[in-house]
Amino acid sequence: MEPWLGGFSGSGDDEVEALELARRVQASDVGGETLRRLERAFDELATAYPVTAPRELLERVRTHTAYVGHLLDARATLDEHRRLIVVGGWFSLLGATLHIDLEQPGAARARLATALAAARHADHAEIEAWCYETDAWRVLTAGDHAGAAELAARARSVAPEGSSVAIQATAQEGRARARLGEAQATHRAIDSVQRLAASLELNLPPEHHYQYDPTKSLAWTATTLAWLGDAAAERHAREAVARLGPADDLSRWPRRLASANIDLALALLINDRLDEACDVAQRAVLSGRVVPSNHWRALEVVAAAEHRKLPEARHLREAYEHMRAAAISPR
């Protein structure tokens, strides 16, 4: 069993049966209560994202998406129909993110296309911007850094001013610029993210995947500087790990802590602190918190250790291969 924290009891089918019963009690084809419960269900799933195994969460997203599709065939007012399209767009977007985490690019593209169509149909700029930002991350993990920068810039251009997606798109473009070695553009993005995050109002819990958490900017800065090869990444990465390390934070941010350790390992390699780099990287790999879409980041540390012929490289490679095998083996 995967060592993920959190999770749900019951099944997605049980939840949908309850929704369907509530709809029928109202003697309405859709009804405001059904819509409110669907919207709450989406918020619950998006908030569970940081601590729930992607496969488990994806099953619940599939169930709710199918139910939204069922309701779209029912009679509804114009406002009810738009709200259904919007919540369907959110579920499709979250599903796309989970497919990316699981390295399922074809399914991710299909769900992103559905979410984008819903956003345009409902004239919902926020979902549209998140679609571009999410696709930027997909192509970045595939190694298309220029494409990622372009998609992130498109997300920024349609994102509502002062929104979470405006900040996340700026951060995503900064990461892409770092991979391209564009130092000035990268530092501009870092400055912009810090400025925007300082004035952001939290309308949802910080764990909600579509609510930018200002405290996230520290870990993001560490990632970006590490990818740029900037020695300053070590200071930011150490601070991020220190903040996420206590037990109360570990239960909230398991993936973020694993990623921060990978960033710290890369930064330590930049600064020739080789033994510690391998130890920190192995800690991240063995944590069980690195989703498949981030395995390539861990592999960069493994490859660097092997290139430098470090004695720890063999054990690090074994841990990495075990992580990869566990991710693709049947449950």
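Predicted model: local features only at pLDDT ≥ 70, side-chain atom pairs only at ≥ 80, totals over all residues.
Figure 1. Most residues other than glycine have a negative phi. Helix α4 itself covers residues 78-101, and its 24 residues should span 34 Å at 1.5 Å a residue. Of the 24 residues in α4, 19 are buried, so the helix is largely enclosed by the rest of the structure.

**Figure 2. Asp 123 has a positive phi in a loop.** The loop in this view lies between α5 (105-121) and α6 (125-141), and Asp 123 is found in it. The phi of Asp 123 is about 55 degrees, a positive value, although the residue is not a glycine. Is Asp 123 buried or exposed? With 68% relative accessibility, Asp 123 counts as exposed, because the cut-off for exposed is over 50%.

**Figure 3. Lys 309 also has a positive phi.** Lys 309 is a residue other than glycine, and its phi is near 55 degrees. Its place is in the loop between α15 (295-307) and α16 (313-328). The relative accessibility of Lys 309 is 72%, so this residue counts as exposed.

**Figure 4. Helices α10 and α11 pack against each other.** Two packed helices are described by the angle between their axes and the distance between the axes. The axes of α10 (residues 216-228) and α11 (residues 233-244) come within 8 Å and cross at roughly 145 degrees. The crossing of α10 past α11 is left-handed. On the α10 side, the residues that meet α11 are Leu 218, Ala 219, Thr 221, Ala 222, Leu 225 and Ala 226. On the α11 side they are Ala 233, His 236, Ala 237, Glu 239, Ala 240 and Arg 243. Sorted by type, the residues of this contact are eight nonpolar, two polar and two charged.

Figure 5. Side chains of opposite charge can pair when their charged atoms come close. The closest N and O atoms of Arg 238 and Glu 234 are 3.0 Å apart. Both residues lie in helix α11, four residues apart, about one turn of the helix. Arg 238 has 32% relative accessibility and counts as partly exposed, whereas Glu 234 is buried, with a relative accessible area of 11%.

Figure 6. Why are Arg 154 and Glu 150 separated by about one helical turn? They are four residues apart in helix α7 (residues 145-158), and therefore about one turn separates them. Arg 154 counts as partly exposed, at 35% relative accessibility.

**Figure 7. Further salt bridges join Arg and Glu residues.** Arg 273 forms a salt bridge with Glu 276, with the closest N and O atoms 3.5 Å apart. Arg 273 counts as partly exposed at 40% relative accessibility, and Glu 276 counts as partly exposed at 26%. Elsewhere, Arg 156, Glu 173, Arg 177 and Glu 182 are linked in a network of salt bridges. How many salt bridges does the count come to? The count comes to 25 salt bridges.

Notes
Residues numbered from 1 in each chain as written. Heavy atoms only, no water. Axes fitted to C-alpha atoms, helices over the stretch in contact; angles between N-to-C directions. Helix = DSSP H or I, 4+ residues; strand = E, 2+ residues; numbered from the N terminus. Left-handed = near helix turned anticlockwise from the far one by under 90°. Contact = heavy atoms within 4.5 Å. Nonpolar A, V, L, I, M, F, W, Y, C, P; charged D, E, K, R; others polar. Salt bridge = Lys/Arg side-chain N within 4 Å of Asp/Glu carboxyl O. Buried < 20%, exposed > 50% of the residue type's maximum accessible area, 1.4 Å probe, protein only. Expected span 1.5 Å × (residues − 1).
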